[in-house]
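User: I'd like to go through the labels on this model and see what each one rests on. Can you take them one at a time?
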Amino acid sequence: VGSHGFNNPCNSFRTKRSVPMAVSSSFRWLGRRSRAALTRRSLSSGAEDQRKPDFLRGSFVFDPDASAAVKEKAEERVKEAMDYKQVVENATEAELFNRLALVLKDSRGFGIVDEDKKLYLKIEKAAQDLEMQYGYKYDSDQLIGGWRLLFTTSEQYRNMGGMTGLAKTPGSKLHSLFQILRSEDVPSIKFNEALRSLSSVEEAEALSQEEPEGTSATVEVLEVFGGAKIKNEMRGIFILDKIDEQGRKFTGVDQIVTEADSGGQERIPSPARALQICTYISADDQFRISRSPAGTLFVFQRIDDIEDIFSKMGLPKRGGSTWSSFFG
């Protein structure tokens, strides 16, 4: 699931592969000339202040203790931040995860519904605390398996109501979303098909020497007609990218999608590419946090025997629902 925008008929995965996640200051755009101009204006205004009566200096707040009050408030905020940092550093993994779980409990719909936007700041903070203290400590083999999406801050998913946009059609609603990573042999013909689906020759050449880890599927389950389920599935292969950034080692799941079953139709050509970087897997191996290259958050829960889960919902174990399977 990528910023998670597959650029395909279902239009839900980001296609450009890049490495996260540099955060740049919003002030770095200032060149030397701009900074010099700001400095001159600052010095000039300072000189003008010296000529103004006391009651006109600074802001138009006629409180002689205003500057002291502002300074005191700033010092309080710094102390609060330091205290919070100390609490986080001393917290156990279980304590930090419980903070994340409490936010997830308040979610009305995977972070995709508008009501969940008010949770974004809280869940980002809880996730960042976990990533900072206990992230980047996992084996890449732990990524293999079935995962249910619990929450995402993906704007594209929110705009589409899910992976395909079909959840916004009358009589339909999103039931669940899954990511499935299967470690299995990928025939060379299938790998070459995936490479040919990429948007540029340069991309294909860069990946041609890589070893595919297995096959991938991203699944959207919709509830329609008073409770019946429909399964849409996007399929392809995936490669595990080992990334080392500033001493932190983590793994990116690079998915190359070639086809989809969607809206009752089978094997729709759906060339797309998505990269998700795993930043945290819980000590019990049951929960995972991943990020798109842009930093979009995805929280997953491991699902064992995922094919049996689909079967119990009356859905195909592999592949999407077709009109014949739905009405058959």
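User: How many salt bridges does the rule give?

Analyst: The count comes to 15 salt bridges, where a salt bridge is a side-chain nitrogen of Lys or Arg within 4 Å of a carboxyl oxygen of Asp or Glu. Bear in mind that this is a predicted model, so local features need pLDDT of at least 70 and side-chain atom pairs pLDDT 80 or more, while totals for chains, interfaces and linings use all residues. Residues are numbered from 1 along each chain as its sequence is written, and side-chain values use heavy atoms, with hydrogens and water left out.

User: What makes Arg182 and Glu307 a salt bridge?

Analyst: Their closest N and O atoms are 3.5 Å apart, and the cut-off is within 4 Å. Arg182 sits in strand 2 (residues 172–182) and Glu307 in helix 8 (residues 306–312), so the pair ties together parts 125 residues apart in sequence. Helices (H or I, at least four residues) and strands (E, at least two) are DSSP runs, numbered from the N terminus.

User: Why is helix 3 called roughly antiparallel to helix 4?

Analyst: Helix 3 (residues 93–105) packs against helix 4 (residues 120–134) at about 160°, with the axes 9 Å apart. That angle makes the two roughly antiparallel, since the label takes angles over 145 degrees. Angles run from 0 to 180 degrees between N-to-C directions, and axes are lines fitted to C-alpha atoms, for helices over the stretch in contact.

User: Which residues of helix 3 and helix 4 make the contact?

Analyst: Among them are Leu96, Phe97 and Leu100 of helix 3, and Ile123, Ala126 and Leu130 of helix 4. Contact means heavy atoms within 4.5 Å.

User: How do you know that strand 4 and strand 5 pair?

Analyst: Pairing takes at least two DSSP bridges, and strand 4 (residues 228–245) and strand 5 (residues 248–262) have 13, in the antiparallel sense. Ile243 stands opposite Phe250 in strand 5.

User: In what order do the eight strands close into a barrel?

Analyst: The order is 1-2-3-4-5-6-7-8, with antiparallel pairing. Neighbouring strands are turned by 35° against each other on average, direction ignored.

Conventions:
Parallel < 35°, antiparallel > 145°, perpendicular 65-115°, else oblique.
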